Amino acid sequence: MITRFITEVSTVFNPFSPKAKTARLFLSFLPPNARQTMKVSTKLLPRVSKDPSFVQLKFSTNSYISDQQRIMYKSADDSFLEDGKEMKLDAEKLGIKGVIEEVDRHSRILSRQEELTGN
């Protein structure tokens, strides 16, 4: 999985539900230095919760954007305008293979753009 362009990962899941397997596996596929290169947040739902599991991602055109650069991209409503691409993936329906395919597909697009601009 290409994680070079991911700047933020948010997951919400019930750890006791079998439907949360995709979200748990996605977090396990992140590299060991993920918390240094991206913002990772996880919300655990209570055991009786019926809310769906999801994985939300934000991308950047700069690989490994620093906190100093992150300030330059901040908008008025405190959301980041890095790539403009935010994905909210339904972890229950896609499965781990589908989630990874979506992440890799967009990361390859950003990689090609980076190569073409000469960065």
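Author: The term pLDDT denotes the predictor's confidence in each residue, on a scale from 0 to 100. This is a predicted model, in which local features need pLDDT of at least 70 and side-chain atom pairs count only at pLDDT 80 or more, while totals for chains, interfaces and linings use all residues. Residues are numbered from 1 along each chain as its sequence is written, and side-chain values use heavy atoms, with hydrogens and water left out.

Reader: What is the mean pLDDT of the protein chain?

Author: In the protein chain, 79% of the residues reach a pLDDT of 70 or more. Over residues 64-82, however, the pLDDT is below 50. For the protein chain, the mean is 82.

Reader: In which element of the protein chain is confidence lowest?

Author: Helices (H or I, at least four residues) and strands (E, at least two) are DSSP runs, numbered from the N terminus. Confidence is highest in strand β2 (residues 39-44), with a mean of 95. At a mean of 42, the lowest confidence belongs to helix α3 (residues 67-72).

Reader: In what order do the elements of the protein chain run from the N terminus on?

Author: The secondary structure of the protein chain comprises four helices and four strands. From the N terminus on, their order is β-α-α-β-β-α-β-α.

Reader: Which strands stand at the edges of the sheet?

Author: Two strands pair if DSSP finds at least two bridges between them. The four strands form an open sheet with mixed pairing, in the order β2-β1-β3-β4. One side of each edge strand is left without a neighbour in the sheet, because each has a single partner strand; the edge strands are β2 and β4.

Reader: Which residue in β2 stands opposite T11?

Author: Strand β1 (residues 6-13) pairs with β2 in the parallel sense over six bridges. Within β2, the residue opposite T11 is T42.

Reader: Which residue in β4 stands opposite K58?

Author: K58 lies in strand β3. Strand β3 (residues 54-59) pairs with β4 in the antiparallel sense over five bridges. Within β4, the residue opposite K58 is E86.

Reader: What is the relative accessible area of K58?

Author: Residues are buried under 20% relative accessible area, exposed over 50% and partly exposed in between (1.4 Å probe, protein chains only). Contact means heavy atoms within 4.5 Å. Leaving aside neighbours within four places in sequence, K58 is in contact with F5, I6, T7, E8, K85 and E86. K58 is buried, with a relative accessible area of 14%.

Reader: Which residues form the covered face of strand β4?

Author: In a regular strand the side chains alternate between the two faces of the sheet. The uncovered face of strand β4 (residues 86-90) holds E86, K88 and D90. Its covered face is formed by M87 and L89.

Reader: How does α1 run relative to α4, roughly parallel or roughly antiparallel?

Author: Axes are lines fitted to C-alpha atoms, for helices over the stretch in contact, and angles run from 0 to 180 degrees between N-to-C directions. Angles under 35 degrees count as roughly parallel, over 145 as roughly antiparallel, 65 to 115 as roughly perpendicular and the rest as oblique. Helix α1 (residues 21-29) and helix α4 (residues 91-117) pack at about 25 degrees, with their axes 8 Å apart. That angle makes α1, relative to α4, roughly parallel.

Reader: Which residues in α4 meet α1?

Author: On the side of α1, the residues involved are T22, A23, L25, F26 and F29. In α4 they meet A91, G95, I96, V99, I100 and V103.
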